[in-house]
Each structure stands twice: as C-alpha cells, then as structure tokens.
Amino acid sequence: MEGQFEVRLDAPFYTDEHREWRDSLRRFIDDRLMPHVNQWDEAGEVPRAVHREVAEFGLTGLGFPEEFGGFSEGTDIFHFVIKAQELARMGAGGVATALSTHDIGLPPLIVAGSDEIKRRVAPAVLSGEKIIALAITEPGAGSDVAALRTRARREGDFFRVDGSKTFISGGMNADYVTAVVRTGADGGRGLSLLLIERGMPGFSATPLPKQGWWASDTATLHFDDVAVPAANLIGAEGAGFALIMNNLNRERLMMAAGAIGAARACLQDAAEWARERETFGKRLVGHQVIRHKLVEMSRRIEAGQAYLERTAARMQQGERCAADIAMLKVDATLTMEFCAREASQVLGGASYIRGCRVERIYREVRVNAIGGGSEEILRDLAARQLGFDAA
C-alpha cells in the first residue's frame, strides 16, 4: 500500500544513486527509528545514543566535508530532499528536528569558521557525540533578523555577551550554539556570529513546553555577561547577516520538503483507514465525499512535490530563487495543514488518540507554518522579490 503514495523517483532529477540512498535510508528509519518515535515524543527527547547511531549510519554527515567526518562526494540537493521526506514519514517532526539541528547550526561554521574551530567542533558534531544549535530568534525579534538586540562587546581577547534567544531547537541539550549577536550598529551590518559553548559562566537555558515537536527540546537561552573567546568568532565581524541569510533559503526548502512528506503520510493513513473502515454498510472509501477528500489531498501533494523538485533543481544550478523558495514553503505548509485536517476527518476519533501518526502531524502544523519564516513574512518577501512591493 505504501508504494502507492511514495515519491516517484523517475523524474529527471533522480539517479540510481538517489534511489539507492532512499532505499537504504528507508530501511534504517523503519528498523531503527520508526518503532520508537512515539516513545521519544512522550519522553520529550531523543537519547544521545540515537544521535551516535544516526551518525554512524551516515545521516548526520550528509553534505559535510569528508575531512571532518562527513560525506559530500557524489551528493547533491536531492539527497537532502530525500532525507527530509523520509524523516517526515515518521510523522514525528520533533525526532527529525532533534537529529538535524546541525544542518542549520554547523554550515556557517564550515563556511566561515577558523580552521581551529572546524577541527575542534565539526568532527564531534558529525560523529553524534556533540550537539550544535542555531540561535537567532529573540523575545523581541523573530523573522526581522536585522532587529536582533543580543549584544557582544569586545574586551581584549573576549566578547562579553548579554541578551537572550528564544524558541531555540536543541537549545537545552546543545553543547555548542551558533549565535547571532550584535557587535556593531543597528541593522544587518552590525551582526556577527559567535560560537557559544555549554558550561561558559553566565550561559543558561530554560525549557519551553510546546504544542508539537515534543521530542525536540526547545529553549530560551540566557546570556549574562558571558565571556566568549574572540577566537570563537565565525567569519568576519559584521558578516553575520549574510551568513544567516544564505543558510535560511536551504532551511526553508528542507522545511517545505518535510511538510509535503508529512502531508503524504496523512494521505497514506487516511486512504488505508478508508479502505478498511465500514460505515452504513460499506467501506468509507465507498462514499463519494471521502474519495473526493483523498483525491484533493493527492492533487495538492503532487503539485507541491513538482514545485519542490523544480525549485531544488534551480538551486542546484546556483540560482538564488528566493521568491520561489518563500512561496514553496507557504504552499507546502498549507498543504500539510489541509491534509492533516482531512486525514483527521477521515480517521475520526482514532486521529485524536496519542500515538496516531496523524495526531502527531496535526500538532506540528503550526510550527511548520511559522518556523523558518511565517507565511506572512514569506509572502511579503516574495512580493518584494517579484517587484510587487509598494515602492
């Protein structure tokens, strides 16, 4: 039954290597992760041993340099699309997020960090021994990165950091935090990136209970006169804004891929239930209204998948395509929301019981629609990129 709903890797974007990667990854997820996702969700975290196991399989190192324990030769953006969509099959975005914070926390360090930082941090993260998180959002500033206020003032060989970050995925368990801090004047040009490490005096974290993504710890981070070595500066002082913006487009594409993957999981569960459940003397799928729900879910998912693959191909060719990435994420999360609702309607009361894949996905709709740039922010970004702004 599952094969009927899976992504067809016969499009021109996929090769035999992509298909082999998906098959191998799917077996690993089905054998080692899927049986435990509800347990980890209820527990509120993924055990450290699982991070090491996932790293040993090779999932953590995907796309990172071999010299630090990753593997990138022969990989492209579609390996990441496959990764995002296979993880989404679990219907446990918190598990996927807990195992993937390095995908947004580590790239700035690889791109712009010193050789010493790379050698010290990257191998430990890519082996699953250490966890790294990205800290951008603040209590008073979210998507408006240029308005961030956490201050880092230079004093000799150290930066003194004061401020806070919030809604930070992996923030409670992170050994390293790639933090956006203000080292200069207001605006984007005054922002820098610092690597702040667990155990530095004045650095603390407060857990944040959430609607969804339970298995991914989320925190508010507090910096009270934290002394961070100047050697932990990532890139040039004042270069933080550009580094983060380059990171965001890829993050949004992967969030879109995961949202479409979650929508596809909802369709699968709804279709299977509709074929088995009987009401009023016939199976649910025998009712036209139910069939139409399934078809509409399928239509939106396949349209979103095509847009995803087209946009990924353009990125692979070096295009920025910021407007399409923004619109794609909006479309994908709306599709996820629609399919979660419709699947819940088809499953009825069964979808309201914890442990059900659709129930977990429904709890995660809002974080996907808001995280990485809300629908409203991304629509406005697309408008500016397309020349529809008021100016």
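Phenylalanine 388 counts as exposed in this predicted model, because its relative accessibility is 62% and the exposed class begins over 50%. Phenylalanine 388 is placed in the segment after H14. Together with Met327 and Leu386, Phe388 makes a nonpolar surface patch of about 300 Å².

Helix H14 itself covers residues 375–385, and glutamate 375 belongs to this helix. Glutamate 375 is buried, because its relative accessible area is 10%, and buried means under 20%. Leaving aside residues up to four places away in sequence, Glu375 is in contact with Val330, Thr333, Leu334, Arg366 and Ala369.

The two residues described so far are set side by side below.

| Residue | Place | Relative accessible area | Class |

The largest nonpolar core has 71 residues, and the members that touch the most others are Leu33, Met90, Val95 and Met297. Helix H9, which spans residues 240–276, gives the most to this core, with 14 residues. Apart from this core lies another one, of 24 residues; Val125, Leu126, Ile136 and Leu243 are among them.

Which residues does leucine 33 touch, not counting residues up to four places away in sequence? The contacts of leucine 33 are Phe28, Trp40, Val50, Val54, Leu87, Met90 and Leu99. Met90 is also listed with Leu33 among the core members that touch the most others.

Definitions and conventions. Residues are numbered from 1 along each chain as its sequence is written. This is a predicted model: local features need pLDDT of at least 70, side-chain atom pairs count only at pLDDT 80 or more; totals for chains, interfaces and linings use all residues. Side-chain values use heavy atoms; hydrogens and water are left out. A nonpolar core is a set of buried Ala, Val, Leu, Ile, Met, Phe, Trp, Tyr and Cys residues joined through side-chain atoms within 4.5 Å. Buried means under 20% relative accessible area, exposed over 50%, partly exposed in between (1.4 Å probe, protein chains only). Helices (H or I, at least four residues) and strands (E, at least two) are DSSP runs, numbered from the N terminus. Contact means heavy atoms within 4.5 Å. Patches are made of residues with over 30% relative accessible area and no salt bridge: like charges are joined within 9 Å, nonpolar side chains (Val, Leu, Ile, Met, Phe, Trp, Tyr) within 5 Å. Accessible areas come from the Shrake-Rupley method with a 1.4 Å probe; for residues, only the protein chains shown count as cover. A salt bridge is a side-chain nitrogen of Lys or Arg within 4 Å of a carboxyl oxygen of Asp or Glu.
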